[in-house]
Amino acid sequence: FIYAGVISKSRGIEEIIKSFALVQKQGFNFHLYLVGPWVSPELRREMEEMIHNLNLTKQVTITGRISFQEVGCLYRQNDVGLALLHPEENYLTYLATKIFEYMAVGIPVLASNFPLWKLLIIGHQCGLTANPTDIDEISKKIVLLIKNRCLRCRLGANGWKVFNSHYNWDTQEKKLWEFYKRLEEL
């Protein structure tokens, strides 16, 4: 499992860690990569302490900020991408770039159950959604993905297909040019 992006409480870091602690208690094997800058050194220390106290130090790798190429390599080495942001106004109204990055490399997404996100993820069958503040629900979805390799493969393949047919620069470029043309006409 991988989370890539700014690491903060509003982006679900506490719930992610606590959910994986529940998964570990059920006896499932996993590895979690936390990739990206922390909003503060204090939060990093607090979460490292939580990881230690929950006996997750062997299962969690914190990389910090790494190059985009290194992130891409890590995406390809993982089975599921996480995007469990809290239901804050600015997150509810946009689609997180990380979702498309996960789709582009063919790994399924476990993301927040925001209406717009569900429309994309459930609509294209490229991942699962969960209430980002409910660690029980998140851990159940994690277990489902761990136990069902075929599901992971199918969801990842669906994401890759829809990314390549709808959500890539070639298709978006046409939309952008059309938008510019409409602006010129105003």
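So, Arg45: at 49% relative accessibility it counts as partly exposed, where buried means under 20% relative accessible area, exposed over 50%, and partly exposed in between, with a 1.4 Å probe and protein chains only. Its side chain meets that of Glu42 in a salt bridge, 3.8 Å from N to O. For salt bridges the cut-off is a side-chain nitrogen of Lys or Arg within 4 Å of a carboxyl oxygen of Asp or Glu. Glu42 and Arg45 both sit in helix H2, 3 residues apart, about one turn of the helix. Helices here are DSSP runs of H or I with at least four residues, strands are E runs of at least two, and both are numbered from the N terminus.

Quick housekeeping. This is a predicted model, so local features need pLDDT of at least 70 and side-chain atom pairs count only at pLDDT 80 or more, while totals for chains, interfaces and linings use all residues. Residues are numbered from 1 along each chain as its sequence is written, and side-chain values use heavy atoms, with hydrogens and water left out.

Okay, staying in helix H2: Arg44 and Glu48 are 4 residues apart there, again about one turn. Their side chains form a salt bridge at 2.9 Å, N to O. Arg44 is partly exposed at 28% relative accessibility, and Glu48 is partly exposed too, at 33%. There's also a network: Lys9, Glu14, Lys18 and Glu46 are joined by salt bridges that share partners. One of those bridges links the side chains of Glu14 and Lys18, at 3.7 Å, N to O. Those two are separated by about one helical turn, because they are 4 residues apart in helix H1. Lys18 comes out partly exposed, at 35%. In total, the structure holds 6 salt bridges.

Leaving out residues up to four places away in sequence, Ser19 touches Ile135, Ile138, Ser139 and Ile142, with contact meaning heavy atoms within 4.5 Å. Ser19 and Ile142 are 123 residues apart along the chain, yet their C-alpha atoms are separated by 8.2 Å.

On to the nonpolar cores. By that I mean buried Ala, Val, Leu, Ile, Met, Phe, Trp, Tyr and Cys residues joined through side-chain atoms within 4.5 Å. The largest has 31 residues, and Phe1, Leu82 and Leu110 touch the most other members. Several elements supply at least two residues each, including strand E2, strand E6 and helix H7. H1 gives the most, with 6 residues. A second, separate core has 24 residues, including Ile2, Tyr102, Cys126 and Phe163.

Last thing, the surface. Leu176, Trp177, Phe179, Tyr180, Leu183 and Leu186 make a nonpolar patch of about 650 Å². Patch residues have over 30% relative accessible area and no salt bridge, with like charges joined within 9 Å and nonpolar side chains (Val, Leu, Ile, Met, Phe, Trp, Tyr) within 5 Å. Trp177 is in helix H9, residues 169-185.

Methods: Accessible areas come from the Shrake-Rupley method with a 1.4 Å probe; for residues, only the protein chains shown count as cover.
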